[in-house]
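Visitor: I am new to this structure. Please show me how to read it, one feature at a time.

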Amino acid sequence: MPITLNHTIVPSFDKAESAKFYSRVFGFEYVGPFSHFVVVRVNDTLCLDFDNKAQFEPHHYAFKVSEREFDEIFARLLAENIPYGSGPGSAGDRTINHNHGGRGVYFRDPDRHLLEMLTADYVMPAQ
């Protein structure tokens, strides 16, 4: 059996608001409260467990999506007027990148985490 990431904790100022944002923008399944977390199911093997924290550094989360999913999610970004951009340092330039033969955008969630949506894997240099 391959090793998979089962869940990760996402720090948040308002865990319910953040979980609903991910569900709404990405189309992830909103599971709801579990223990002291608010859970969103990304796919069959991965959940994001949102947890309230008073202070934290923003994290980066990258999601590989299909071309169709990219179009659907991108349409929701536009509908909600969420700033997006072509790179981590330009997450508000309102352009899409075409790195590695695909499409990608960066944007921020309500907690300032940097989110990335991409349709093609990065091409890693040979070792």
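Guide: Start with burial. Buried means under 20% relative accessible area, exposed means over 50%, and partly exposed lies in between (1.4 Å probe, protein chains only). Arg-94 has a relative accessible area of 39%, so Arg-94 is partly exposed. Gly-87 is at 9% relative accessibility and therefore counts as buried.

Visitor: What kind of model is this?

Guide: This is a predicted model, where local features need pLDDT of at least 70, side-chain atom pairs count only at pLDDT 80 or more, and totals for chains, interfaces and linings use all residues. Residues are numbered from 1 along each chain as its sequence is written, and side-chain values use heavy atoms, with hydrogens and water left out.

Visitor: Where are Gly-87 and Arg-94?

Guide: First, the naming of elements. Helices (H or I, at least four residues) and strands (E, at least two) are DSSP runs, numbered from the N terminus. Gly-87 sits in the loop between strand 6 (84–85) and strand 7. Arg-94 is found in the loop between strand 6 and strand 7. Arg-94 has a phi near 60°, a positive value in a residue other than glycine.

Visitor: How do I read a sheet?

Guide: Strands of a sheet pair through backbone hydrogen bonds, either parallel or antiparallel. Two strands count as paired if DSSP finds at least two bridges between them. Here, four strands form an open sheet in the order 1-4-3-2, with mixed pairing. Strand 1 (7–12) and strand 2 (29–34) are at the edges with a single partner strand each, so one side of each has no neighbour in the sheet. Neighbouring strands of this sheet are turned by 25° against each other on average, direction ignored.

Visitor: How many bridges join strand 3 and strand 4?

Guide: Four bridges, in the antiparallel sense. Val-38 stands opposite Phe-50 in strand 4.

Visitor: Which way do the side chains of strand 5 point?

Guide: In a regular strand the side chains alternate between the two faces of the sheet. In strand 5, Tyr-61 and Phe-63 point to one face and are buried. Strand 7 is mostly covered, with four of its five residues buried.

Visitor: What joins strand 7 to strand 8?

Guide: A hairpin, with five residues between the strands. Arg-112 lies in that loop. The phi of Arg-112 is positive, near 75°, in a residue other than glycine.

Visitor: How do the two helices meet?

Guide: Axes are lines fitted to C-alpha atoms, for helices over the stretch in contact, and angles run from 0 to 180 degrees between N-to-C directions. Helix 1 (residues 15–26) and helix 2 (residues 67–79) have axes that come within 8 Å and cross at roughly 120°. Angles under 35 degrees count as roughly parallel, over 145 as roughly antiparallel, 65 to 115 as roughly perpendicular and the rest as oblique. Helix 1 and helix 2 are therefore oblique to each other. Contact means heavy atoms within 4.5 Å. Arg-24, Val-25 and Phe-26 of helix 1 meet Ile-73, Arg-76 and Leu-77 of helix 2.

Visitor: What does helix 1 lie across?

Guide: Helix 1 lies across strand 1, strand 2, strand 3 and strand 4, at about 150° to strand 4.
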